[in-house]
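Dear colleague,

Please find the structure below, handed over for your reading.

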Amino acid sequence: MQLLLFLILGPLITAIFMLLVRKDQERNWIVKLSALGIGAVTILLLGSYGDKGTLYFSFAAESTGLFMFLIEMVIAVFILYLGIKYKNYLVVGLTLLQSAMMVYFEVFYAHTIDVKYSLFIDQFSIIMALIIGIIGSLICVYALSYMKDFHEHHKELPDRRNIFFCIMFAFLSAMFGLVFSNNLLWVLFFWEITTLCSFLLIGYTKTEEATNNAFTALWMNLLGGVAFVVAILYLATQAGGIMGLGEVLASGKAIVLIPVVLIGFAGLTKAAQLPFSSWLVGAMVAPTPVSALLHSSTMVKAGVYILVRLAPVFQATFSGYVLAFIGAITFLLASAIAISQSNAKRVLAYSTIANLGLIVACAGIGTYEAIWAAILLIIFHAISKSLLFLSVGTVEHRIESRDIEDMNGLIIRMPRIAALMVIGIAGMFLAPFGMLISKWAAIQAFIDAPYGFLFVIILAFGSALTLFFWAKWMGRLLVVTPKQENLETNIDSNIWLALISLGGLTAITCFIFPAISSTLIEPFLLQNYGNVTQLSQDNVIIMIMMLFMIVLLPLSILMPQRKHRHLTPYMGGMTTNPDMSFYGAIGLKRDMKLSNYYITSWFGEVKLQTLGIYLCTGLIGIMFVSAAYLGVII
Amino acid sequence: MISIVGAVAFILLAPVIGGLIAGIDRKISAHMQGRVGPPILQPFYDVGKLFEKEKTVANDMQRFYAISYFIFMIFTGALFFAGGDLLLVIFALTLAQIFLVLGAYSANSPYSHIGAERELIQIMAYEPMVIIAAVGMYVVTKSFNVGSIASYPLPLVLFLPAIFIGFIYILTIKLRKSPFDISTSHHAHQEIVKGVTTEFSGPTLGLIEVTHWYETVFLLGFVYLFFAFSPLIGIIAVALVYLLELLIDNASARVKWQLVMKSSWLIAAIVGLANLAALYYLGVV
């Protein structure tokens, strides 16, 4: 239990230090030491609890509960202040509503609730802790150099790095709290902290766009928070005060379905599923480490974490199917929208939304096979996505653009970063890398579930779409342009450390994922579902063969070979210079420029998003009605 | 379940069979067009000549992509004929295809660039149908293993008639036949600049040609699975399907990529939904 408390409180202490420290050097040391400490403790956690199954810990719940309530009220007042200051009355209304309910709960019900075990740990928590601890810390280390560059690039913005790093670490602390809490009141507390942290980080630059987008994120997540509080009130009043996550899962579906669907709704908002996808796309205005953190190891992962936790309740219920459908439609539409985007960060954002959709679909189906796929998706997505974000951030500072078209021929200009990006992209959609393994598992899971064929068909189309936008991006990076200046010099060692670690993790997890599955995921499934699944031995061997081939093939370039004659590409008989410029009509010298297909007439953002918002809002309505129907009738 | 014999047989025999199919293809096509046509062995002569040509490249990376395309296509087919997992086979096929696309991208040439984009559109167009076909086979036989699917005692095509038709539809794309040969074509009259393969020449182009032979044999193997209950009927069916593709090829002109994409998706969605739903409700699953 000391380890759990260390992980929750340790980052918090670092956060306080961060607020006080203003010198670069001191900040560097504290962040690096904390990152090392957090990473090491999560691994220690794996070592000491990895084979122990589910363990519950009791903790002074009553006093802590009061303390948390007070902090929540302080946060509410703070948000109210900001809401009034920026005249955002939606936020004000939602905060008032939520606080009123919290006060009502605290006065009338809090003393009747007795949660014996507030903290717990099981294999799924450990997986989440590893993701938060290792990837989250690496992002913080990366942020040290990035934010320094960022403020050199944006002299007009006030340097508030102490606040920035303070929130980053508070965020990690809240995430650890979230995945270790058994008491739903605690889950809610940490849930609200992540909402607040992401709001502050998105609005970090305080530009008008940033502030607007931060408020969008805030009201959407507050809406989820309100649903969460309603769920807690329901549990307190209608379900006899069950407040432990374990107890909720152990009690009958009829009793807990309504609150679980409400919490599921909160999960949808946090996981940025349609109709709430716009906040995550808007969050792209924040500095890149924030995007990386929100997308890979925190925030959105909190949303899918809670959904996967509650999956046994969703399993084989109509509401669960509707939830799965929301996820599947989000997967399909977000993948399609990603095709039409040329801004690299927006492509990444839509791809995150899509992959979270897939995880939500798995959680809604809720069978052991689906959950196996969902957890694999969470792991692999976190690694590849953080790698991609951090690479894009590094490139952005060098080429002053985040547009994919401007990354043309990056393999010549920034060979190592481009190679890391290619690894990250391959990790997102190609065999034998992680995300593809997960999609494979998802196909298997869907087809074995009742009515699963609907989901398989959606998945088949969706993954064809993801293939298109990833492959064209990859192609753009790998264009071999005429010799250009190398922009890779003077990239900071912190950045290399984070990028190379994540690149290595992307490859290594593919090799060791059978071990991850058998030591962590399968025991978790066995305990919660009484059934396990895995890839067959043959397939694992074949995948590893493919992986070796992919690793070895690039070495073939190093082999001695007879010199090949180089010719300039064919330009329709036009006289072409080696730099691919040519003389066009009336003798003007023109540069050749190639650009990708974006097919906006089919995959336009506005059109598809509007469609998605209507569809998914309707589905959420159906989900609530069906849950209410089941909960009331039975 | 993996049979090494099948894999080795594929690696050794597929280029011979694939080359012969290409030769017969050209002969029949010629007759359909009222020409005599080249000798059956002409594709081998062509490839042999390509390997004797001077080694020229647009950049050094191209060879790597072409070799990777070649190796992963062989891997795909070998895994298929070894009786491996059908989904993994499809993923390996995609990987191979991506290497060809990257090769075309890397050349930094307008023609091969257009070819690469169109090749990606083709992949996007056909992939859902291929996955749906594999899933259909799984629903009937309860296995993704090519070995188990092939030894299923009843004719799969009776359970998956719509999916079979859908698969034939996208097979036209995969075999690079008109009207869906949008990224590159075998017809000299269709284009002078050969899309995705524009910047490949000499031995590298020869390699891509041989890869296509491997691919053809693998694809026909996929068609065979629908009829695997009886080897004789299976081979006849495969021959008839190929003839049908030839007829379509010679009787139609290339269409726009929009139509390729839309029609393939529409057909995949309709046949996939209809056939899988029918199987589900008829209680086959």
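**Where the two chains meet**

His566(A) stands opposite Val57(B), a residue of strand β1(B). Strand β3 of chain A (residues 565–566) runs parallel to β1(B), and two bridges join them; strands are DSSP runs (E, at least two residues) and helices likewise (H or I, at least four), numbered from the N terminus, and two strands pair if DSSP finds at least two bridges between them.

This is a predicted model, in which local features need pLDDT of at least 70, side-chain atom pairs count only at pLDDT 80 or more, and totals for chains, interfaces and linings use all residues. Residues are numbered from 1 along each chain as its sequence is written, while chains are lettered from A and ligands numbered from 1 in the order in which they are written.

In chain B, 56 residues are in contact with 45 residues of chain A (C-beta atoms, placed from the backbone, within 7 Å). Among the elements that give two or more residues to this side of chain B are β1, α3 and α4. The largest share, 15 residues, comes from α5(B).

Helix α3(B) is mostly covered, with 17 of its 21 residues buried (20 or more other C-beta atoms within 10 Å of the residue's own, C-beta atoms being placed from the backbone). Just after this helix, Gly83(B) takes a positive phi of about 85°.

As to confidence, the model scores ipTM 0.95 and pTM 0.95. Chain B has a mean pLDDT of 92, and 97% of its residues reach 70 or more (pLDDT is the predictor's confidence in each residue, from 0 to 100).

With kind regards

Definitions and conventions
Buried ≥ 20, exposed ≤ 12 C-beta atoms within 10 Å, placed from the backbone. Contact = placed C-beta atoms within 7 Å.
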